[in-house]
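Morning, everyone. Let me put the structure up, and then we can walk through it.

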Amino acid sequence: MTDYDAIVIGTGQAGPYVTSRLAGAGMKVAVIERNVFGGTCVNTGCIPTKTMVASAYAARVAARAAEYGVDVGSVRVDMKRVKARKDAVSRQSRTGLEDWLRNMENTTVYDGHARFESAHEVSIGQERLHADKIFINVGGRALVPDMPGLREIDFLTNSSMMSVDFLPKHLIVVGGSYIGLEFGQMFRRFGAEVTVIEMGPRLVGREDEDVSSAIQEIVEHEGVAVRVNAKCLGFAKRGDEIVASVDCADGTPRVHGTHVLLAVGRRPNTDDLSLEKAGVAVDERGYVVVDDQLRTSVPGIWALGDCNGKGAFTHTSYNDGEVVIANLLENDPRRVSDRITAYALYIDPPLGRAGMTEEEVRKSGRKALVAKRPMTRVGRAVEKGETQGFMKIAVDAESGAILGAAILGTGGDEVIHSILDVMYAKAPWTVIRRAMHIHPTVSELVPTMLSELRPMDSPR
Ligand SMILES: Cc1cc2nc3c(=O)[nH]c(=O)nc-3n(C[C@H](O)[C@H](O)[C@H](O)COP(=O)(O)OP(=O)(O)OC[C@H]3O[C@@H](n4cnc5c(N)ncnc54)[C@H](O)[C@@H]3O)c2cc1C
């Protein structure tokens, strides 16, 4: 048995930060990784997908080059080079992180699968470690539900997609939400036929209806076929083809494709940690139950990142690390509930989101004002020839607080931060309304949009 001050399980987005801060404070820390360093974001999530989104964007701009007065001849995507570029970017991030951890003072890296033996003991194979403080950062993986015929076909997930170095003839994407739409649009841009099948009545059902339908328009405009209301999904192999029965309210009942990507959700990697030996409580879906400061049901054990169900993003995981460290080392009682919902959907153009949706504001029953502006009325978007989407913002009619915003349009993932930071500052919308922004940018129209606020339920 080796004694440590702290054990960190997993090197996702929170683990390395927590390790470095604890080790930097002089604690003896063990960090355990069973697979590759950096977890989902670095290896099978954000970084590789955004690298591929960039290749897909290049293909799209090249295909549209004539619209800008540029002749490029015929455009061909070399999937092997797309993958090689993606691999190189991921590798740089992964090896950088691994080297950093392996060379970190006061830190010992263990390669292997960690399991709890008790509340303060963890095993990795035959090895046993003990610490008073244990941090679980084990992340999640693709959810594979029991769908008829699914086990009889070779389906892909976000992880196995990383090995694809060829162009599928017809990619069927099951799941019309964040991950499915990114892959769907990108493979369409690479040249594949793509059908997105969504069980719900609309794409990205968590967003407002106008956001959903604008997103559907964007992907359909590029030739992605969208099938919603696919209530009764099933799969069968027919020679080289895969047939998905969709049972949609309208349209043909079957989709014939060559490859299937399953993107219907995530599940936490908590089922093989022996959490029961430590007495750590999980909810009915396997997420570790934590309080507002990420303490589990067992004193001395914290859970951070996707495995606690409090967020599903790299920034929420990293922020979890900051919350825990602020409480432990900085005498700063930060809480998860201090943060404002913020995320992006990386189709092109992207959706940047902050705070509540319009629907959530409506349901909250407060008096609100809303403003909306199509990207066709944003000079920067017109100049770039990227006028799809719109931006909108909702504010509290009484306090002036900004309640939420959605920027679906070119630069939307960046522009949203100008609103998010004002929300963090707890300043009223009038602060942005009076600000002088730079011309020509998408952000310059945010103050203008705010001059057009109207009561939420009045006709637009
Ligand atoms: C396709 C895709 C695209 C995404 N794009 C974005 C994006 O653009 N922006 C964004 O913010 N988020 C994005 N996400 C989400 C983001 O990747 C995750 O929210 C983030 O990586 C979560 O990090 P984490 O710290 O919870 O754990 P992870 O990054 O999942 O890391 C967990 C680590 O723990 C290790 N581990 C697990 N169990 C054990 C064990 N028992 N013993 C030892 N080690 C173990 C794993 O091997 C892994 O390395 C995307 C996700 C996917 C799938």
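**Sheets, ligand and loops**

Start with β13 and β14, which pair in the antiparallel sense over 4 bridges. Pairing here requires that DSSP finds at least two bridges between two strands. Helices (H or I, at least four residues) and strands (E, at least two) are DSSP runs, numbered from the N terminus. Across these two strands, Val-243 has His-256 in β14 as its bridge partner.

Two housekeeping points. This is a predicted model, where local features need pLDDT of at least 70, side-chain atom pairs count only at pLDDT 80 or more, and totals for chains, interfaces and linings use all residues. Residues are numbered from 1 along each chain as its sequence is written, and side-chain values use heavy atoms, with hydrogens and water left out.

Now the rest of that sheet. It is open, has 3 strands in the order β12-β13-β14, and its pairing is antiparallel. Its edge strands are β12 and β14 (254-257), each pairing on one side only. On average, neighbouring strands are turned by 25° against each other, direction ignored. Axes are lines fitted to C-alpha atoms, for helices over the stretch in contact, and angles run from 0 to 180 degrees between N-to-C directions.

On to the hairpin. β12 (residues 234-238) and β13 (residues 241-245) pair in the antiparallel sense over 5 bridges. Ala-236 stands opposite Val-243 in β13. The hairpin has 2 residues between its strands, and Gly-239 there takes a positive phi near 65°. Asn-229 also has a positive phi, near 60°, and this residue is not a glycine. Look for Asn-229 in the loop between β11 and β12.

Next, the other sheet. What is its strand order? Its 5 strands run β8-β15-β9-β10-β11, in an open sheet with parallel pairing. β8 (155-156) and β11 (225-227) are at the edges with a single partner strand each, so one side of each has no neighbour in the sheet. β8 pairs with β15 (residues 259-262) in the parallel sense over 2 bridges. In that pair, Leu-156 stands opposite Leu-261 in β15. Helix α5 (residues 178-190) lies across β9 (170-174), β10 (193-197) and β15, and runs at about 165° to β10. Contact here means heavy atoms within 4.5 Å.

Now the ligand. Which residues come nearest? Of the 40 residues around the ligand, they are Gln-13, Glu-33, Thr-40, Asp-306 and Ser-317. A residue counts as near if one of its heavy atoms lies within 4 Å.

Take the polar contacts, which are pairs of N or O atoms within 3.5 Å. An N or O atom in the Thr-40 side chain is 2.5 Å from a ligand oxygen. For the side chain of Lys-50, the distance from such an atom to a ligand oxygen is 2.8 Å. Asp-306 uses its backbone: an N or O atom there lies 2.7 Å from an oxygen of the ligand. Taken alone, the ligand exposes 1,000 Å², and the protein buries 94% of that. Those areas come from the Shrake-Rupley method with a 1.4 Å probe.

Which elements give two or more residues to the shell? They are β2 (29-33), α2 (39-43), α3 (46-63), α5 and α8 (314-329).

Last, two cis peptide bonds. One runs from Asp-348 to Pro-349, with omega near 0°. Pro-349 lies in the loop between β18 (342-345) and β19 (351-355). Another joins His-439 and Pro-440, with omega about -5°. Pro-440 sits in the loop between α12 (429-434) and α13 (445-450).

Conventions
Polar contact = N/O pair within 3.5 Å; in protein donor to acceptor, adjacent residues only side chain to side chain.
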